[in-house]
Amino acid sequence: MKFATKAIHAGQEPDPTTGAVMTPIYQTSTYWQKSPGDNKGYEYSRGTNPTRKALEDCLAALENAKYGLAFSSGMGATDAVLKLLQPGDEVITGNDLYGGSYRIFTKIFTKYGIKFHFLDLSKPENMLPYINDKTKLVWIETPTNPTMQIIDIEGVAKITKEKNLILTVDNTFASPYLQNPIDLGADIVMHSVTKYIGGHSDVVMGALVTNDEQLYKDLWFIYNACGATPGPQDSFLVLRGIKTLHLRMKAHCENGERIAHYLKTHPKVDKIYWPGFEDHPNHDVAKRQMRGFGGMISITLKGADLQETFRISSNFKVFTLAESLGGVESLINHPATMTHGSIPKEEREKVGVTDNLLRLSVGVEDIDDLLEDLENALK
């Protein structure tokens, strides 16, 4: 199946009881057993639920993978991957990360003896000096949040396979529509399903997909044992959102390109981060591993201090000042005080997350309204 067909049909068969075309919401916590252990494949909804299973199969299909797991949040999914590790293990990751990932790495898992190396991974070989017999996991985002760094997934995967390391790729910013890390050599793909996959800012959810049966079994054990699993209502909403993912992503990309070109020459904009520009670092890599450049754009405001940045960010009428991204509505975010507030100032500023940086999640509204809103807000 092509992507659009998978988005609408993968994992979803007519309900065997009623023939319902849409996957029912199985709002149940437990299931009848004919005798102890003799059941219809479901025992207790923390571990398995038919609505969630349909979603997981769909997510796996979208990433060209065999196995999918849905979690109650993206951080729940991230937590499960890190629980594959043991005290003393080491992780290599990027120096530009979602603030929640940085927080769970440094504030939670370092307490259990896991060491993290935050590196510039614009060149895969930059990780080589940090790999030793304690290294077990490489965790990358691409494009990164919020400076849109592009990391060569295939190049990193070549090294991780040689060194027998687990490569996990946070594919949230690209979505499965634009990028499929499994095809490029990743072992695990993580999504904050809250974002583009759900697409309507009405669900908080995460997901992991993999082709590795043993990794799937290990992750499923953690998923069931620790219980960060979503309910059937949220699973139903995401299944519904996925059906328009391909349509939404086309619109996000089209609007994003128009806005990126408008902002690139705007007198109030100092720097712009969008991987579609030829002068964007690793643009050639983005062009090779992505099928479009997405609707995420970050800018720094020329000569603006924190007060002026706040004034401008509060001046929008169509863009909504809010956390998150990837919904049909356009959002504007101030990473230094919102999504990346948990990262120390000196650390975030090293990679360009300054007080005058704003992140735009370009939605699917009429482009003329979005451009007019930008023009008025940036006065």
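**Close-up views of a predicted model**

**Figure 1. Contact between helices α9 and α13.** Asn255, Arg258, Ile259, Tyr262 and Leu263 of α9 are in contact with Ile367, Asp368, Leu370, Leu371, Leu374 and Glu375 of α13. By class, this contact of α9 with α13 comprises seven nonpolar, one polar and three charged residues. The structure shown here and in the following views is a predicted model. Two packed helices are described by the angle between their axes and the distance between those axes. For helix α9 (residues 245–264) and helix α13 (residues 367–377), the axes come within 10 Å and cross at roughly 30 degrees. Angles under 35 degrees count as roughly parallel, and α9 and α13 are therefore roughly parallel to each other. The crossing of α9 and α13 is right-handed.

**Figure 2. Contact between helices α3 and α4.** The axes of helix α3 (residues 74–82) and helix α4 (residues 99–108) come within 11 Å, and they cross at roughly 35 degrees. This crossing of α3 and α4 is right-handed. On the α3 side, Met75, Thr78, Asp79 and Leu82 take part; they meet Gly100, Ser101, Ile104 and Phe105 of α4. The residues of the contact of α3 with α4 divide into four nonpolar, three polar and one charged.

Figure 3. An unreviewed UniProt entry places the feature "modified residue: N6-(pyridoxal phosphate)lysine" at Lys195. In the model, Lys195 is found in the loop between β6 (188–192) and β7 (206–210). Residues under 20% relative accessible area count as buried; Lys195 has a relative accessible area of 14% and is therefore buried. Leaving aside its neighbours within four places in sequence, Lys195 is in contact with Thr172, Ser324, Leu325 and Gly326.

**Figure 4. Val203 in the loop between β6 and β7.** Val203 is found in the loop between β6 and β7. With a relative accessibility of 8%, Val203 counts as buried. When residues up to four places away in sequence are not counted, Val203 touches Thr194, Asp234, Leu237 and Val238. Val203 and Gln289 are 86 residues apart along the chain, and their C-alpha atoms are separated by 28 Å.

Figure 5. Most peptide bonds are trans. The bond from Thr142 to Pro143, however, is cis, with omega near -5 degrees. Pro143 lies in the loop between β4 (135–141) and α5 (153–162). Pro146 is also found in the loop between β4 and α5. The peptide bond from Asn145 to Pro146 is cis, with omega near 10 degrees.

Figure 6. Most residues other than glycine have a negative phi. Asn64 is not a glycine, yet it has a positive phi of about 55 degrees. Asn64 is found in the loop between α2 (50–62) and β1 (67–71). At 32% relative accessibility, Asn64 counts as partly exposed. Asn164, likewise a residue other than glycine, has a positive phi, near 60 degrees. Asn164 is found in the loop between α5 and β5 (166–170). Residues over 50% relative accessible area count as exposed; Asn164 has a relative accessible area of 70% and is therefore exposed.

Note on methods. Residues are numbered from 1 along each chain as its sequence is written. This is a predicted model: local features need pLDDT of at least 70, side-chain atom pairs count only at pLDDT 80 or more; totals for chains, interfaces and linings use all residues. Side-chain values use heavy atoms; hydrogens and water are left out. Axes are lines fitted to C-alpha atoms, for helices over the stretch in contact, and angles run from 0 to 180 degrees between N-to-C directions. Helices (H or I, at least four residues) and strands (E, at least two) are DSSP runs, numbered from the N terminus. Angles under 35 degrees count as roughly parallel, over 145 as roughly antiparallel, 65 to 115 as roughly perpendicular and the rest as oblique. A crossing is left-handed if the near helix is turned anticlockwise from the far one by less than a right angle, and right-handed if clockwise. Contact means heavy atoms within 4.5 Å. Ala, Val, Leu, Ile, Met, Phe, Trp, Tyr, Cys and Pro count as nonpolar, Asp, Glu, Lys and Arg as charged, and the others, Gly among them, as polar. UniProt positions are given in the numbering used here, feature names are shortened, and annotations may be inferred rather than shown by experiment. Buried means under 20% relative accessible area, exposed over 50%, partly exposed in between (1.4 Å probe, protein chains only).
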